Amino acid sequence: MYNIIAVDISGRHKINDRYYMVCAAVSVSITAEHIERVNQIKIKPFWLDSAPELTDIIQVIEDTAKEIEFGGTIITEHGEMYNQPERVVASMFSREFKYQESLGDRSSIELAHHISLCTRNLLLSELGIES
Amino acid sequence: MKRVILVQRNEPTNDESRNIRKLIELQDLARSANYKVVGDVTQTRRPDRKYQIGRGKVEELALMMEELGADGIIFSNQLSTTQIYNISETCKCEVIDKFQLILEIFAKRATTKRSKLQVELAKLQYELPKAKAIMSLLKKEERPGFMGLGSYEDSYEQDIRSRINRIKKELASVQKDNESLRIKRHEYGFSIVSLAGYTSSGKSTLFNALVDEDVHVEDMLFTTLLPITRALNICGRRVLLTDTVGFIEDLPHWMIDAFRSTLNEIFLADVILLVVDASESPDIMRQKLVTSHDTFWEQIKGVPIITVLNKIDRITENELKERLENVGYLTPNPVAVSAKNGLGFDELKNEIYRQLPKWKRETVSLPMSEYGMSIVSWLFNEGIVHNINYKDRIIVDFEARDEIILKARIIEKKDKHGHNHMFT
């Protein structure tokens with residue numbers, strides 16, 4: 001069993017000329033095939049005026065993940081980083097990073113995805129923004 | 001045996017080790033399809049629209065063909081119809097890509113009606129997007145129809161589409177039969193265990209060693225195209241073990257779809273044995289495990305996986321330890337075995353037993369009569385009898401699935417109330 005921080009960002013498309021994004025970082029203890037324990041969850045909204053670039057995405061992830069008190073490698077889907085090679089993306093992070101590999105990694109990202117998506121929908125409806 | 005040259009265009013962003021692995025895989029594939037590899041050419045660059053690799057490299061390739069006396073070229077990258085046409089015009093030989101090669105292998109190995117249908121479907125799906133381009137290249141000069149306003153392309157494409165539909169319908173009916181067979185197996189108290197894993201990881205050897213049979217095993221890729229199922233006894237539980245087709249990196253979706261019914265055997269199992277070649281380098285093992293996890297992800301939810309580290313006779317204990325440290329995070333429930341020497345089989349069987357759907361343990365009391373004895377014999381067939389005591393009544397301590405326990409309890413209850421139903 002080991003700790004990872006699974007990250008997912010929702011809302012990378014334009015609505016009313018802005019990008020309303022929500023990043024969810026989930027610290028979990030996992031085995032190769034299951035999530036064993038959820039340690040901590042952090043959610044942060046980010047409003048951008050222009051389309052997010054790779055550096056913006058990395059900043060968003062770093063900002064959310066630094067609030068997690070538990071250690072562990074940051075793990076995302078390939079698409080999150082515009083399918084850039086792992087070594088390119090990893091070199092841009094200030095901490096350890098890798099793409100999803102095991103079933104445990106994938107389940108954790110799925111969890112982060114549900115959290116970020118639900119939070120974003122809730123925020124948009126609270127703010128009265130049509131999605 | 002046809003002599004061929006292998007060509008691979010590497011993406012500038014790819015790791016060197018991945019490129020080498022892909023080339024070795026292509027060599028194995030070519031060997032499986034009975035080709036003799038006489039040379040290989042690689043180039044690192046972005047794809048060329050006309051030739052896939054650089055034009056100069058294609059000219060070099062043409063010279064190399066003459067020098068080595070090769071009859072064909074196999075590309076590792078997927079080629080468009082125009083690229084195939086242009087390269088074969090320059091090199092004056094047959095040019096195919098990896099996917100066509102895989103299809104060739106599948107076509108050679110397909111023996112039953114179902115696998116033949118699957119191969120034809122995959123072939124047609126490969127051909128469909130190329131249909132228009134093929135026709136316009138072949139009939140460059142001709143203009144069909146009134147005043148040359150008609151076209152060959154549409155009718156050819158339509159023809160392929162209708163054939164695809166027909167095959168899909170036929171396959172669906174074959175698949176239905178298989179599914180009902182699977183449900184029946186569950187009803188008869190069999191649990192289903194599937195062997196999965198990368199090609200050439202030793203699934204068939206392990207299958208043979210476990211069930212003590214002689215399934216065709218060769219040092220080639222894709223020797224198993226159709227799932228083979230045999231019964232096996234694991235610590236008293238009756239289990240059906242299925243050998244399946246191996247995974248391969250970057251298999252296109254249309255091919256996975258066409259062979260879905262083969263992979264279904266894996267996805268509907270109660271336990272999956274993920275076989276991995278432990279004698280390979282940790283990096284290659286990691287890549288192959290990621291491919292396997294990738295294939296599993298969408299399809300299996302909650303099915304336990306046992307990672308079988310095969311071929312441990314080829315490595316030392318320290319090497320095995322090192323590999324487990326490196327790829328441990330990708331290996332659920334690892335068990336080290338050697339299918340060749342039978343090493344570690346007991347641990348593997350115990351692990352399978354641990355992961356099988358749980359059976360409950362129960363004690364029933366049956367009358368000491370012919371009827372009671374028939375129930376005992378039925379319990380021996382359906383479950384595991386741990387203890388049996390013949391006194392005034394027969395006390396049976398047994399383990400079985402829920403339905404059997406329920407039936408046994410009903411029989412016991414009816415008997416106590418004086419009913420004496422014959423068990424059917």
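Reply: Contact is taken here to mean heavy atoms within 4.5 Å, while helices (H or I, at least four residues) and strands (E, at least two) are DSSP runs, numbered from the N terminus. This is a predicted model, in which local features need pLDDT of at least 70 and side-chain atom pairs count only at pLDDT 80 or more, whereas totals for chains, interfaces and linings use all residues. Side-chain values use heavy atoms, with hydrogens and water left out, residues are numbered from 1 along each chain as its sequence is written, and chains are lettered from A and ligands numbered from 1 in the order in which they are written.

The part to examine is helix 8 of chain B, residues 203-211, which is mostly covered, since seven of its nine residues are buried; buried means under 20% relative accessible area, exposed over 50%, and partly exposed in between, with a 1.4 Å probe and protein chains only. The buried residues are Lys203(B), Ser204(B), Leu206(B), Phe207(B), Asn208(B), Leu210(B) and Val211(B). In chain B they pack against strand 5 (191-197), strand 6 (228-234), strand 7 (237-243), strand 8 (271-277), strand 9 (305-310) and helix 13 (345-355). After helix 8 comes Asp212(B), with a positive phi near 60 degrees.

The surroundings can be described through the nonpolar cores, each a set of buried Ala, Val, Leu, Ile, Met, Phe, Trp, Tyr and Cys residues joined through side-chain atoms within 4.5 Å. The largest nonpolar core has 25 residues, and Ile272(B), Phe296(B), Ile300(B) and Ile305(B) are those with the most contacts inside it. Two or more residues of this core come from each of strand 5, strand 8, helix 11 (282-297), strand 9 and helix 12 (317-327) of chain B, with helix 11 giving the most, five residues. Apart from this core lies another, of 22 residues, which includes Leu210(B) together with Leu273(B), Val308(B) and Leu348(B).

For contrast, Glu59(B) sits in helix 2 (residues 55-68) of chain B and is partly exposed, with a relative accessible area of 41%. Between Glu59(B) and Val271(B) there are 212 residues in sequence and 52 Å in space, C-alpha to C-alpha. Cys235(B) also counts as partly exposed, at 39% relative accessibility.
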